[in-house]
Amino acid sequence: MDKTREDLLQTLTQRMMSVMRHVRHHAPPPEPPLSPPHLHLLFMIGHGKDEGISVKELAERSSVTPGAITQFVDALVDKDLVAREGDPSDRRIVRLKLTELAKNQLKKFRKEHLKSMSRIFDALNNDEIKQLIKLFTKLDTYHEMKDRTRDKTH
């Protein structure tokens with residue numbers, strides 16, 4: 001008997017949640033201990049250009065207010081993971097950069113996380129992983145285009 005789309009989506013949701021539990025269970029904790037939002041911000045700041053990223057840019061990419069970003073960044077500055085620097089071309093802009101400590105910690109975390117992910121996906125061969133990437137890319141692209149279309153109409 002064929003499953004309905006609703007049944008298939010329910011099963012998919014359950015499987016995705018189960019896999020994510022395994023990922024969280026096997027993922028190494030970052031050093032120093034950080035909340036997921038803090039870790040996410042560090043990765044976003046680290047993906048910025050060499051001149052750093054402004055608070056405004058980080059807020060836009062995170063879909064939160066600059067005030068909320070500032071509170072999160074304050075905690076990262078206190079832990080010596082992020083440095084604030086003035087923008088040489090515009091004194092009103094504050095740029096955020098990773099400290100050497102943060103760069104080293106993120107490098108270590110990525111390496112351990114990749115080992116952990118490798119264990120989680122041991123059940124799949126490279127072709128299956130490529131297919132999974134292709135499917136997630138299709139979903140992501142579809143929703144990005146849908147969001148852009150919605151943003152233009154509002």
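**Close-up 1. The hairpin between β2 and β3.** In this predicted model, a hairpin of two residues links strand β2 to strand β3. β2 spans residues 82-87, and β3 covers 90-98. The two strands run antiparallel and are paired through six bridges.

**Close-up 2. The three-stranded sheet.** The strand order is β1-β3-β2 in an open sheet of three strands, with antiparallel pairing. β1 (53-54) and β2 are the edge strands, each of them pairing on one side only.

Close-up 3. S54 belongs to strand β1. Its relative accessible area is 8%; because buried means under 20%, S54 counts as buried. Leaving aside residues up to four places away in sequence, S54 is in contact with I93, V94 and R95.

**Close-up 4. The largest nonpolar core.** The largest nonpolar core has 21 residues, and the members touching the most others are L42, L58, V82 and L96. At least two core residues come from each of α2 (36-46), α3 (55-62), α4 (66-78), β3 (90-98) and α5 (100-120). Helix α2 is the greatest contributor, supplying six residues. In soluble globular proteins, nonpolar side chains tend to be buried together.

**Close-up 5. Contacts of L96.** L96 is among the core residues that touch the most other members. Not counting residues up to four places away in sequence, the contacts of L96 are I45, G52, I53, V55, L58, V73, V82, A83 and R84. Of these, L58 and V82 are, like L96, among the core residues with the most contacts to other members.

**Close-up 6. Packing of α2 against α5.** The axes of α2 and α5 lie 11 Å apart and meet at an angle of about 105 degrees. α2 is therefore roughly perpendicular to α5. On the α2 side the contact involves L39, L42 and F43, and on the α5 side A102, L106, F109 and R110. Six of the residues in this contact are nonpolar, one is charged and none is polar. L42, listed here for α2, is also one of the residues touching the most other members of the largest nonpolar core.

Notes
Residues numbered from 1 in each chain as written. Predicted model: local features only at pLDDT ≥ 70, side-chain atom pairs only at ≥ 80, totals over all residues. Heavy atoms only, no water. Core = buried A, V, L, I, M, F, W, Y, C linked by side-chain atoms within 4.5 Å. Buried < 20%, exposed > 50% of the residue type's maximum accessible area, 1.4 Å probe, protein only. Helix = DSSP H or I, 4+ residues; strand = E, 2+ residues; numbered from the N terminus. Contact = heavy atoms within 4.5 Å. Pairing = 2+ DSSP bridges. Axes fitted to C-alpha atoms, helices over the stretch in contact; angles between N-to-C directions. Parallel < 35°, antiparallel > 145°, perpendicular 65-115°, else oblique. Nonpolar A, V, L, I, M, F, W, Y, C, P; charged D, E, K, R; others polar.
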